[in-house]
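Dear colleague,

I am handing over a structure that is new to you. Please find the sequence and the structure below, followed by an account of what was found.

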Amino acid sequence: MSYEETLKYLYSSHPAFHVVGAGAYKPGLQNMRRVADALGNPQNKYPTIHVAGTNGKGSVSSLIAAALQSAGMKTGLYTSPHLVDYRERIRINGEMIPEEEVCRIVERLKPISGDLSFFEITTSIAFEWFAEQKVDIAVIEVGLGGRLDATNIITPLLSVITNIGYDHTAQLGNTLQEIAAEKAGIMKKGVPCVIGEVEKETLPVFLAKAGECGISGGGLETTDCRLWIAEQCNYLRSLRKRLIPDCQLKGEYQERNQQTAFVALRALCLQSNIVLSHLVIKQAFEHVCDLTGLRGRWEVLQEKPLTICDTGHNEHGIRTYICTLQRLLDERQAGRNMSQQQSLNVHLRMVFGMVADKDIDAVLALLPKEAVYYWTQASTPRALSSSELRMKGLRYSLIGKNYDKLEDAIAVARHDAEEQDIIFIGGSNYVVAEALPLF
């Protein structure tokens, strides 16, 4: 099959969560173990780092991979979903898997794939390709949850859980405790673990699981520690800020992801024979997007007018960037006032679309009322219609027009914007994915 035919086969024969939603979710590891056994368990042929969490998984995974890659290690990176190209999900040293390799491995998997989901077969491709290419290490991002996720057949050097928020509640549970328990399912007996952020509801869940796994260990930031809470590692925070003053991932919320990744790298060095100098980590953080191909995280698409996109797509993720967006707006307005250009108000123009299975009301309640809205929808069956989103927005005093096509919404926003304005594009991965090629 050609590459196009292979993609068509993957989407038509194996249900994809990013296309059909919950109907594609297949909890359980039996299928993955069966296929892995048939392939000779490729996931066991190289060391791994496993990353779960509600938000920030992609950023943290990329920061860790960038550091390992910068240290000279041949580093696999498996993430999801992709934005533009399916092959974004599977990279070695930042380079996407070649099209012909996707075709070849899919042909090999066909006789044994059975009723694998899209994510399960993609995970199998990644595990096999990393083994064939003899990577030194691979960073593996969880797809959904953790305990029953297709990636959870690995036994990593280190487990990382970024944070816990409300998302995919139909699959993971309706409380933070239930969601934390699913994410904590990646914790393994004797394997060190870094938790990025905790809440009063989630900390007991993690501590209980750590106790089961025998990784409670010593104190924070010590060589005998087997469990780290990154946000509580104040010494490592001050060290990171002193050694790494800049990071290519912008936005105030990325500060937390940087902290989680930095503590994870520190833990990895303490618990293995991997050596990462501070200079290597500094260079990796400063060039993480260039090194790994990560996109869509508070990414500046255009300077005039300032146009930013972000893939945050649930209440927890969107809350993190709204504060940054408001502060940016205030700073820009204050700058105009100081330059005695009071007549030139700075307008925030929000090009916004969501998928229907998210908590729409919780997100809309967070959005700034003073912004001008260009409600839209991505080209996915999961998208909430732009007209329905506009009507829901009115309940929260969010005023704007709706556009069925994202490109039309962006075009009108750019036409309306003055040079000093800010355009923000987001609400879902799909909106950002379709926006990127337009700039």
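I begin with a pair of charged side chains. Glu315 and Arg319 form a salt bridge, with 2.8 Å between their closest N and O atoms. Please bear in mind throughout that the model is a predicted one. Helix 14, which covers residues 315-338, holds both partners; because they are 4 residues apart, about one helical turn separates Glu315 from Arg319. Glu315 is partly exposed, its relative accessible area being 23%. Arg319 is likewise partly exposed, with a value of 42%.

This pair is one of 21 salt bridges in the structure.

Arg104, at 37%, is partly exposed. The pair also belongs to a network of salt bridges that links Glu101, Arg104, Arg108, Glu128 and Glu132.

Asp167 and Lys358 are joined by a salt bridge in which the closest N and O atoms are 2.8 Å apart. Asp167 is in the loop between strand 6 and helix 7 (169-172), while Lys358 is in the loop between strand 11 (348-352) and helix 15 (360-364), so the pair ties together parts that are 191 residues apart in sequence. Asp167 and Lys358 are both buried.

In which order do the 8 strands of the open sheet lie? The order is 4-3-2-5-1-6-7-8, and the pairing is mixed. At the edges are strand 4 (95-96) and strand 8 (227-229), each of which pairs on one side only. Within the sheet, strand 6 (residues 158-161) and strand 7 (residues 193-195) run parallel and are joined by 3 bridges. Ser159 has Cys193, in strand 7, as its bridge partner.

Helix 6 (residues 118-132) lies across strand 2 (75-78), strand 3 (90-92), strand 4 and strand 5 (137-141). The angle between helix 6 and strand 3 is about 15°.

The loop between strand 2 and strand 3 contains Arg87. Arg87 has a relative accessible area of 14%, and because this is under 20% the residue is buried. Apart from its neighbours within four places in sequence, Arg87 is in contact with Tyr3, Met96, Ile97, Pro98, Glu99 and Val102.

Thr376 stands opposite Tyr403, which is in strand 13. Together with helix 16 (residues 386-394), strands 12 and 13 make a right-handed β-α-β unit.

With kind regards

Notes:
Residues are numbered from 1 along each chain as its sequence is written. This is a predicted model: local features need pLDDT of at least 70, side-chain atom pairs count only at pLDDT 80 or more; totals for chains, interfaces and linings use all residues. Side-chain values use heavy atoms; hydrogens and water are left out. Two strands pair if DSSP finds at least two bridges between them. Helices (H or I, at least four residues) and strands (E, at least two) are DSSP runs, numbered from the N terminus. Contact means heavy atoms within 4.5 Å. Axes are lines fitted to C-alpha atoms, for helices over the stretch in contact, and angles run from 0 to 180 degrees between N-to-C directions. A crossover is right-handed if, with the strands pointing away from the viewer, the path from the first strand over the helix to the second runs clockwise. A salt bridge is a side-chain nitrogen of Lys or Arg within 4 Å of a carboxyl oxygen of Asp or Glu. Buried means under 20% relative accessible area, exposed over 50%, partly exposed in between (1.4 Å probe, protein chains only).
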